[in-house]
Amino acid sequence: MATNENLPPNVIKQLAKELKNLDETPPEGIKVGVNDDNFSVIYADIEGPAGTPYENGVFRMKLILSHDFPQSPPKGYFLTKIFHPNIATNGEICVNALKRDWNPSLGLRHVLIVIRCLLIEPFPESALNEQAGKMLLENYDEYARHARLYTGIHALKPKPKLKTGAIPEPTTAINMDQTNTSAKCVDQKSNAVSGAAAPAQLPSPLAPKPENGQDHPTTMLSSAETGVSGSKAAPATLKKEAGLAKVPADKKKIDARKKSLKRL
């Protein structure tokens with residue numbers, strides 16, 4: 001196994017550049033991880049392609065670089081258990097790109113993409129897992145059932161992805177309900193404010209009294225007006241009473257004068 005110390009400087013430089021590129025623009029369904037102190041082991045998480053028995057699963061694998069890389073191909077292993085004709089029970093990967101079709105000019109990106117393509121189109125003719133290869137050739141439905149079972153038990157679960165600016169439907173529905181509720185609350189508040197801002201107007205004192213006699217504010221106002229009118233009429237009443245008291249006194253004087261005249 002190679003390390004940063006025994007890999008040629010030009011190889012380390014090329015690996016660093018390629019790994020940075022893989023990190024910034026990863027291939028579809030592939031995420032690469034690496035130990036900066038040891039470029040000889042490259043880890044990757046591969047998402048099961050849609051429409052395959054490996055869908056909804058994430059499979060971890062590693063590439064091990066030999067001491068004479070890139071003259072000799074890396075070796076690939078699946079760390080996650082998987083039921084696949086071209087992947088042995090120990091995780092070893094059998095693919096031509098890592099064997100007879102290897103070329104020093106091929107990069108890690110190409111290797112990883114080819115490995116993911118194996119999950120889409122297996123090659124049972126060169127199977128490392130003979131049971132999976134035979135089952136794939138004879139009964140695809142049974143093979144797919146086994147592969148899905150392994151995926152459900154051993155594979156990692158993919159993280160949910162949300163499109164930029166997208167809102168999940170339940171959240172949208174909740175927000176719409178909250179908006180409607182807020183609108184209702186605003187309407188109710190407006191009605192309440194309108195009712196508070198427009199207090200019941202007291203009938204005019206000149207307004208005719210309702211026939212049913214149930215207009216209490218008018219009755220109260222009339223009573224108040226009666227009290228005020230009564231207080232204004234009090235002095236006039238006193239003057240009238242004083243005038244009435246004055247009339248008998250004048251009459252007595254006249255009568256006394258008449259008696260005096262008779263005596264004369």
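Figure 1. Helix α1 comprises 16 residues and reaches 23 Å from its first C-alpha to its last, close to the 22 Å expected at 1.5 Å a residue; the expected span is 1.5 Å times one less than the number of residues. The model is predicted: local features need pLDDT of at least 70 and side-chain atom pairs count only at pLDDT 80 or more, whereas totals for chains, interfaces and linings use all residues. Residues are numbered from 1 along each chain as its sequence is written, and side-chain values use heavy atoms, with hydrogens and water left out. Helices (H or I, at least four residues) and strands (E, at least two) are DSSP runs, numbered from the N terminus. Buried residues of α1 are Val 11, Leu 15, Glu 18, Leu 19 and Leu 22, where buried denotes under 20% relative accessible area, exposed over 50%, and partly exposed the range in between (1.4 Å probe, protein chains only). Seen down the axis of α1, these buried residues fall within an arc of 100°, so they line one face of the helix; the arc is that of the directions from the helix axis to the C-beta atoms. The face turned away from the buried side of α1 carries exposed residues, including Lys 13, Lys 17 and Lys 20. The buried residues of α1 pack against β1, β2 and α2, with contact defined as heavy atoms within 4.5 Å.

**Figure 2. The antiparallel sheet.** Four strands form an open sheet of 4 strands in the order β1-β2-β3-β4, with antiparallel pairing; two strands pair if DSSP finds at least two bridges between them. The edge strands, β1 (30-35) and β4, each pair on one side only. On average, neighbouring strands of this sheet are turned by 25° against each other, direction ignored. Axes are lines fitted to C-alpha atoms, for helices over the stretch in contact, and angles run from 0 to 180 degrees between N-to-C directions. β1 is joined to β2 (residues 38-47) by 6 bridges, and Val 32 has Ala 44 in β2 as its bridge partner. Helix α1 (residues 9-24) packs on the sheet, touching β1 and β2, and its direction makes about 20° with that of β2.

**Figure 3. The pairing of β3 with β4.** These antiparallel strands are joined by 4 bridges, and Leu 63 stands opposite Gly 76 in β4. Gly 76 and Phe 78 form the covered face of β4, while Lys 75 and Tyr 77 form the uncovered one. Pro 70 lies in the loop between β3 and β4, and the peptide bond from Phe 69 to Pro 70 is cis, with omega near 10°.

Figure 4. An unreviewed UniProt entry lists Cys 94 under "active site"; UniProt positions are given in the numbering used here, feature names are shortened, and annotations may be inferred rather than shown by experiment. Cys 94 is located in the loop between β4 (75-78) and α2 (108-120). Cys 94 counts as buried because its relative accessibility is 13%. Apart from neighbours within four places in sequence, Cys 94 is in contact with Asn 86, Lys 99, Leu 118, Ser 126 and Leu 128.

**Figure 5. Helix α4.** The buried residues of α4 are Tyr 143, Ala 144, His 146, Ala 147 and Thr 151. Seen down the axis of α4, they fall within an arc of 160°, so they line one face of the helix. They pack against β3 (58-64) and α3 (130-138).
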